[in-house]
Amino acid sequence: MDDRSAERSVAPWSGEGVAADAPDGFVNIAWEAVDRHVRDGFGTERAMLWLGKDGGRLAFSYADLAEASSRFANVLAARGIERGDGVFALMGRTPELYVAALGALKAGLVFTPLFSAFGPDPIRTRMEIGDARVLVTTAPLYLRKIADWIHALPSLKLVLIVGEDAPEGCVALAPAMRGASAAFETVRTGPEDPALIHFTSGTTGKPKGVVHVHDAVRYHAFSGREALDLRPGAIYWCTADPGWVTGTSYGIVAPLVNRARMIVDEAEFDLERWYATIAREKVEVWYTAPTAIRMMMRSGEAAAKAWDLSSLRFLASVGEPLNPEAVIWSQKAFGQPFHDNWWQTETGGIMIANRPGMAVKPGSMGRPMPGIDAAVVEHRGEAVALLGDDEVGELALRPGWPSMMRGYLHEEARFRKAFADGWYLSGDLVRRDAEGYFWFVGRADDLIKTSGHLVGPFEVENALIEHEAVAEAGVIGVPDETAGEVVKAYVTLNPGFEPGEALEREIRGHARKRLGPAVAPREVVFRRSLPKTRSGKIMRRLLKARELGSPEGDISTLETDET
Ligand code: ATP
Ligand code: MG
């Protein structure tokens with residue numbers, strides 16, 4: 001892309017992936033994730049342990065996954081589904097989802113997992129944008145959310161229904177799998193062949209469809225090992241749903257490629273269940289998100305200490321800024337810090353991280369991954385100016401790593417706009433300290449301008465969370481005649497605290513002491529929950545739209561929504 005990357009010595013991920021050395025450039029995510037291990041004699045090792053909502057427990061070896069995904073690939077091939085076709089999955093975290101992902105990739109198809117909790121409209125829009133040829137789902141989901149409109153989707157050829165029976169016009173997956181051969185020769189995809197389409201979380205607006213290619217697997221192999229310490233045999237639990245990029249990149253691909261033993265839990269967050277799972281399954285590496293960590297904090301240190309969690313050796317978090325308070329709490333509750341890392345659907349993999357062995361600075365996202373060129377920049381027209389230490393600017397990355405997006409579906413102009421001067425512009429504001437650690441300030445859209453100060457919501461939220469009563473905080477700027485904008489906070493409370501004027505005053509006083517009067521919120525509003533995306537991100541734009549009475553925009557990914 002530019003001189004600097006050309007000059008740079010060989011990228012640290014260049015040796016990843018055995019198949020990449022194939023003379024025809026063959027690289028396929030599923031082959032790297034499962035079949036290669038079977039070929040190398042590790043077929044009997046455990047790949048996945050599935051924990052059902054109702055207590056079910058199923059173990060899959062690498063050979064089991066290789067075989068099941070081959071059957072799935074054959075089911076599709078036998079029904080005329082062709083290389084490059086789009087396969088969508090809409091289901092909970094059941095084994096079929098993982099088999100479908102691997103089978104579709106093996107067959108050279110383009111896979112898109114959706115959150116099963118999406119309503120009919122978000123499902124339909126995404127399937128339209130992604131030209132879905134195949135949908136894999138369950139009978140209840142199909143009947144409730146899809147049957148009414150599916151016939152109007154011209155691209156769709158096949159609906160597979162998990163289980164023994166299927167509604168009319170659909171194919172039941174279980175008998176089809178039994179009838180299919182267990183041998184399938186992986187389609188010889190090349191590095192640049194599309195493999196996955198993920199939709200962004202919709203935190204700042206309408207979700208975008210992001211295209212990733214098979215070559216991404218080399219970065220997943222590399223970053224899984226370097227940022228999450230995934231090793232052969234490591235017991236690893238990524239709590240994310242594959243409907244969000246984390247649940248695929250690091251909830252399917254990275255652990256399998258690194259021959260780890262992954263845990264898949266069908267159930268949603270439940271404190272007791274989570275601690276019990278770690279203790280019983282002896283989870284070693286745990287990758288989760290700030291929302292869950294804040295819920296654990298809310299339940300207190302003693303709740304964590306009641307369990308034997310001594311198997312844990314590495315904790316990591318992604319998706320939202322991780323409050324320093326949460327890192328400090330984790331040290332007390334688990335005897336080790338959560339390691340924050342930063343990336344996006346667009347980057348496909350972890351870019352900035354507190355890696356194993358690095359000194360963690362609570363509140364910092366860590367340092368760029370080896371081989372990743374990250375900068376803090378100011379965008380001036382076509383040009384991009386590099387900023388120095390401690391200056392706040394946009395986080396920019398020099399493209400060239402394999403899991404970088406290759407496009408936004410049907411949005412070529414938007415894709416082009418994300419680049420300037422050879423940099424990819426992330427849309428997030430950060431600063432870098434003298435030791436090269438990056439600190440999240442806020443989304444470019446969320447920045448608050450008050451009385452000549454620029455305020456990042458994260459800083460204010462951190463100060464609020466320090467107060468013993470506050471569990472979560474979402475901070476926005478609201479228009480003000482004299483100040484331009486003033487800072488307003490929405491908070492949820494920890495158990496044992498009741499909303500009231502006195503508490504509001506106290507929290508504001510605390511914030512003023514920590515932040516000074518210019519930055520501290522002018523008003524604190526108590527809420528039972530904050531609006532969040534399904535991937536657990538606070539939707540500040542929605543707090544703001546509601547505050548201003550302006551249109552709410554795309555809320556297809558909204559999950560929690562109580563006031
Ligand atoms: P949309 O692009 O549709 O508005 P989104 O940006 O939330 O949604 P994702 O790609 O799922 O969609 O999320 C990536 C974003 O999440 C990052 O750009 C950043 O704003 C935030 N994020 C992820 N990890 C971190 C982190 N460790 N610290 C702070 N923010 C983070
Ligand atoms: Mg985004």
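Visitor: How far apart do the C-alpha centres of domain 1 and domain 2 lie?
Guide: They lie 30 Å apart. The domain bounds come from an automatic or database domain assignment.

Visitor: What kind of model is this?
Guide: It is a predicted model; local features need pLDDT of at least 70, side-chain atom pairs count only at pLDDT 80 or more, and totals for chains, interfaces and linings use all residues. Residues are numbered from 1 along each chain as its sequence is written, chains are lettered from A and ligands numbered from 1 in the order in which they are written, and side-chain values use heavy atoms, leaving out hydrogens and water.

Visitor: Where are the two domains?
Guide: Domain 1 covers 3-432. Domain 2 covers 447-560.

Visitor: How many residues are in contact?
Guide: 25 residues of domain 1 and 24 residues of domain 2. Contact means heavy atoms within 4.5 Å.

Visitor: And how much area do they bury?
Guide: About 2100 Å² between them, with 57% of it on carbon and sulfur atoms. Buried area is the accessible area (1.4 Å probe) that two parts lose on being put together, summed over both.

Visitor: Which three residues supply more than any other three on domain 1?
Guide: T203, R294 and R298. They supply 26% of the area that domain 1 buries against domain 2.

Visitor: New topic. How many salt bridges cross the interface?
Guide: The rule finds 2. A salt bridge needs a side-chain nitrogen of Lys or Arg within 4 Å of a carboxyl oxygen of Asp or Glu.

Visitor: What does R294 meet in a salt bridge?
Guide: The side chain of E472, at 2.8 Å, N to O.
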